[in-house]
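This report describes a ligand site, aromatic pairs and selected side-chain contacts. Please consult the sequence and the structure shown below while reading.

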Amino acid sequence: MSFALDPEAIAWAAKARAFADEQLMPYEGEAEMNAGRLPPGVAERHERLAVEMGLPRLDAPKAHGGLGLPMLTQVAVYEQLGRVTNALCWCYPEAQAWMFEAFSADQIERYAKPMMTGDCHVCYAITEEDAGSDPSEIATTARRDGEHYVITGEKWHVTSYNLADTVIVQAAIAGGDHDGAHALFFCPAHPEGLSVVRTPQYTHTYNHHHPVLKFDAVRVPVRNRIGKEGDGMGYTHAWFRHERLMIAARCCGAAERLIEEALAFAKARIVSGNPIIAYQLIQAMLADSAMDLHAARLITREAAAAHDRGDDLKVLHARCSLAKLNASEMAFRVADRAVQIFGGRGYMRDNVAERFLREVRVDRIWEGTSEIQRLIIARALERRGLEATIGA
Ligand SMILES: Cc1cc2nc3c(=O)[nH]c(=O)nc-3n(C[C@H](O)[C@H](O)[C@H](O)COP(=O)(O)OP(=O)(O)OC[C@H]3O[C@@H](n4cnc5c(N)ncnc54)[C@H](O)[C@@H]3O)c2cc1C
């Protein structure tokens, strides 16, 4: 078991930290006060800088022009990006390794490669009103009609739809040899028959909205199907694994920033003649937070190292759940303690702890709730045992 960062990972983390600190963080307050929006041109500049750094290509294979970085290096990058609030680090699209196995050669050219250059922005439409934790229950259908599929259904919480040009939608095949099997489809963001039912307000202040979308007999060509009829859940699991690991990394980054800022405040804030860091109840909150972060970071980096070692896919699935469960629960505890250390200031929206307390809450819900992560871990224990699940 080895997960020390090598010099390349350390260099990448330093670059990502500079990008986060110098380019993204200065706009947090403005985003918070303006429904997530940035001044004209700023989001475009952030994306251009991200593309120049290679952030959209970290996971893409070298054979297709990607950087093919080890997962441990990617996690080190995402830890740094996670230090920023208001989702300002979501400023670029990301071509993930699994896409180059799932997509056809034509789809790699039309979608994956443009993602690497910031020219294709994809959102994911899986969840429905009656199918969240269990996506196998989706009611959206795709019925074959000649050289097209006709997609009908309603999708909830479609993150970044307002900024996307393409939707990857999961649907159950209706009719034919694979009736009921799931498949993913590329769908343009604004075709005939696709409409926004509503755009609900959420707890965080992001420029990325999460609308409810209605697909009313939307026609997509057969060449837009990803893989075969029946491949849908497998690819969704590949997406979940990547996202869960990177959520864990971002949660570690959030905790790092929270502890740094709360520590600086505790040293400077004088109450009853002493800096509050002198008070043992404050010390305990900082110590518990440092311990929480240290453990979560080790678990997350070990899960990344397990990818780089080429561990069994099913084991990796559980390991990503473990990392996400632990880190997301940890980040919320750390954010809550940071608010407490800041006192009344911690309840003000221009305070980083206040924003993170709202923002990291959803990490315990999306890409599978904490309860669902526990079920995945428990299933791995039941089927493969403790040692296979977490190592000896
Ligand atoms: C801000 C936001 C953005 C999102 N973005 C996207 C997106 O881009 N694309 C997309 O497709 N989806 C997206 N989602 C959906 C998200 O993945 C789901 O909300 C999540 O998977 C939970 O589903 P649900 O909300 O339907 O909860 P439910 O499945 O209704 O669960 C309700 C509660 O029951 C618990 N529960 C369910 N089953 C079990 C069980 N077997 N045992 C114990 N407890 C259980 C859950 O843990 C939860 O506490 C987003 C959600 C949010 C809030």
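## Ligand contacts

A polar contact is a pair of N or O atoms within 3.5 Å; within protein, one atom must be able to donate a hydrogen and the other to accept it, and residues adjacent in sequence count only if both atoms are side-chain atoms. Under this rule, an oxygen atom of the ligand lies 2.9 Å from a backbone N or O atom of Ile126. Thr127 places an N or O atom of its side chain 2.6 Å from a nitrogen atom of the ligand, and a polar backbone atom of His157 is 2.9 Å from a ligand nitrogen atom. On its own the ligand has 980 Å² of accessible area, of which the protein covers 64%; such areas come from the Shrake-Rupley method with a 1.4 Å probe, and for residues only the protein chains shown count as cover.

The model is predicted: local features need pLDDT of at least 70, side-chain atom pairs count only at pLDDT 80 or more, and totals for chains, interfaces and linings use all residues. Residues are numbered from 1 along each chain as its sequence is written, and side-chain values use heavy atoms, with hydrogens and water left out.

## The shell around the ligand

A residue is near a molecule or strand if one of its heavy atoms lies within 4 Å of it. There are 20 residues around the ligand, and Thr127, Ser133, Thr159, Thr369 and Glu371 come nearest. By class, the shell comprises ten nonpolar, eight polar and two charged residues. Here Ala, Val, Leu, Ile, Met, Phe, Trp, Tyr, Cys and Pro count as nonpolar, Asp, Glu, Lys and Arg as charged, and the others, Gly among them, as polar.

Helices (H or I, at least four residues) and strands (E, at least two) are DSSP runs, numbered from the N terminus. Strand 1 (122-125) and helix 11 (370-384) each supply at least two residues of the shell. Helix 11 gives the most, with three residues.

## Aromatic pairs and charges over rings

Rings of Phe, Tyr and Trp (its six-membered ring) pair if their centres lie within 6.5 Å; planes under 30 degrees apart count as stacked, over 60 as edge-to-face and the rest as tilted. The count by this rule is nine aromatic pairs. One of them is edge-to-face: Trp90 and Tyr206, at 5.3 Å centre to centre with 75° between the planes. This pair links distant parts of the chain, 116 residues apart, with Trp90 in the loop between helix 4 (71-81) and helix 5 (97-102) and Tyr206 in the loop between strand 6 (194-198) and strand 7 (212-221). One aromatic cluster is formed by Trp98, Phe103, Tyr111, Phe186 and Tyr235.

A charge sits over a ring if NZ of Lys or CZ of Arg is within 6 Å of the ring centre and within 35 degrees of the ring normal. The charged end of Arg198 is placed over the ring of Trp156, 5.4 Å from its centre. Arg361 lies over the face of Phe332, 5.6 Å from the ring centre.

Buried means under 20% relative accessible area, exposed over 50%, and partly exposed in between (1.4 Å probe, protein chains only). Asn224, in the loop between strand 7 and strand 8 (225-226), is buried at 3% relative accessibility. Its side chain makes a polar contact of 3.0 Å with the side chain of Arg110.

Glu28, in helix 2 (residues 28-33), is buried at 4%. The side chains of Glu28 and Arg355 are joined by a polar contact of 3.0 Å.
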